[in-house]
Amino acid sequence: NTGMFTYDPGFTSTASCESGLTYIDGDEGVLLHRGYPIGQLAEQSSFMEVSYLLLNGELPSKQELADFTRTITRHTMVHEQLTTFYRGFRRDAHPMAIMCGVVGALSAFYHDSTDINDPAQRTIASHRLIAKMPTIAAMAYKYSVGQPFVYPRNDLSYTANFLRMTFSVPAEEYEPDPVIVDAMDKIFILHADHEQNASTSTVRLAGSSGANPFACIAAGIACLWGPAHGGANEAALNMLREIGTVDRIPEYIARAKNKDDPFRLMGFGHRVYKNYDPRATVMQKTAKDVLEKLGVNDPVFDVAKELEQIALNDPYFIEKKLYPNVDFYSGVILSAIGFPTEMFTVLFALARTVGWVAQWNEMISDPAQKIGRPRQLYTGPVQRDYVPVADR
Ligand code: SDX
């Protein structure tokens, strides 16, 4: 009677948890955040507003959004001691390796001030994580290219601040193009949350033991890195670049269909979507808009569009219900903005942090929640007696 209802996608028996944040209907290609369709949020909202929605359950008033944004903005700086942490990494370290280490290290700075049983301290920890991820991500990029770190500014939006921290150098200020800021903000919205995916389930499982939220998010980052999950955006663009030209697509389609070949079309297929990933729809349109407005003619985009058309009309992909997912087109946009492929999954982790902390808060604030303890189907030997080594 409150407009709150439970969709039953028919697999209640295997559901790992109850959650009211995000609903996915994989057969219909539906994705809702607190009831709002992802397409509407991507086109009409902002990442700060979607973050507020995921954390609080309702879209904010103008004042609520202003207050939330100011709070996040005022947490964007990191402890100066954290900057020395980067210097322990090799310059060519993968930025995701740096993110795992640095975000986990935040526990050392905030462990004693994060009583997870105190809702107020949970909120502060959540705001700190959402606010500091852009700074930590930009620092990971700066470290990898040997440029000095750029401090956040309080007069810029969340996304413009991140772009400036990433691309500004002392010799030349980076003025974020509104087209790029809008595209980046849209990409953050599209990656914000996605129900109980592998990395979110990792954060929930780690958090269910009462672990420090900073350590839990570091665990989520580690899981997201895999090429079957968040690492697919980096792998998808590398694959499209390797294909290079439209005439080479059939060779890769054949490989993807060959059971003896471990090759998979990166950015295609999904554990839940057996229809078009609604995020991919927005991503393709955003890629077209950004390339046109920036005057970038990237042949990789043509390869991506042609590959999609061939795959969608191929009986194998139709039978297996394989469609482009969120990772298929995102790399085209990120590359046009100027990010190296190694940064793509870092950007996914930056955006997904709001979903991870919202899901963590939802779980921790449930008084009935217990430590996660998945069971198994045992396939090992039946009980037997020990044999001394002299008799083996
Ligand atoms: C993300 O869970 C989430 O919500 C994740 C995510 C999020 O927002 O958090 O949406 C983000 O991780 C998106 C997925 C990104 N990963 C990729 O793009 C990597 C390429 N995709 C594949 O590795 C694969 O599609 C998975 C891992 C995503 C899903 O693999 P599954 O579980 O095997 O998928 P499936 O059961 O639907 O596969 C059906 C069949 C299988 O063959 P059979 O066993 O029936 O013979 O299709 C095959 C698969 O082998 N298949 C593919 C394929 N994906 C599945 N064949 C070729 N190319 C592919 N991309």
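Visitor: Where do I start with polar contacts?
Guide: A polar contact is a pair of N or O atoms within 3.5 Å. Here an oxygen atom of the ligand sits 3.0 Å from an N or O atom in the Lys259 side chain. For the side chain of Arg271 the distance is 2.8 Å, again to a ligand oxygen, and for that of Lys320 it's 3.1 Å. The protein covers 79% of the 1,000 Å² of accessible area that the ligand has on its own (Shrake-Rupley method, 1.4 Å probe).
Guide: Keep in mind that this is a predicted model, where local features need pLDDT of at least 70 and side-chain atom pairs 80 or more, while totals for chains, interfaces and linings use all residues. Numbering runs from 1 along each chain as its sequence is written, and side-chain values use heavy atoms, leaving out hydrogens and water.

Visitor: How many residues surround the ligand?
Guide: We take those with a heavy atom within 4 Å of it. There are 25, and His194, His270, Lys274, Arg279 and Arg352 are among the closest. The shell divides into ten nonpolar, seven polar (Gly among them) and eight charged residues.

Visitor: And how do I read empty space?
Guide: Rolling a probe the size of a water molecule over the atoms shows where empty space is left. The ligand takes up the space of the second largest pocket, which holds about 860 Å³. Of its 34 lining residues, those closest to the centre include Ala228, Phe268 and Gly269. A pocket is an open set of points on a 1 Å grid over the protein atoms alone, where a 1.4 Å probe fits, with protein on both sides within 12 Å along at least five of seven lines; lining residues have an atom within 4 Å of a point.

How values were computed. Polar contact = N/O pair within 3.5 Å; in protein donor to acceptor, adjacent residues only side chain to side chain. Sits in = over half its atoms within 2 Å of the grid points. Points joined across faces, edges and corners; volume = space filled by probe spheres on them.
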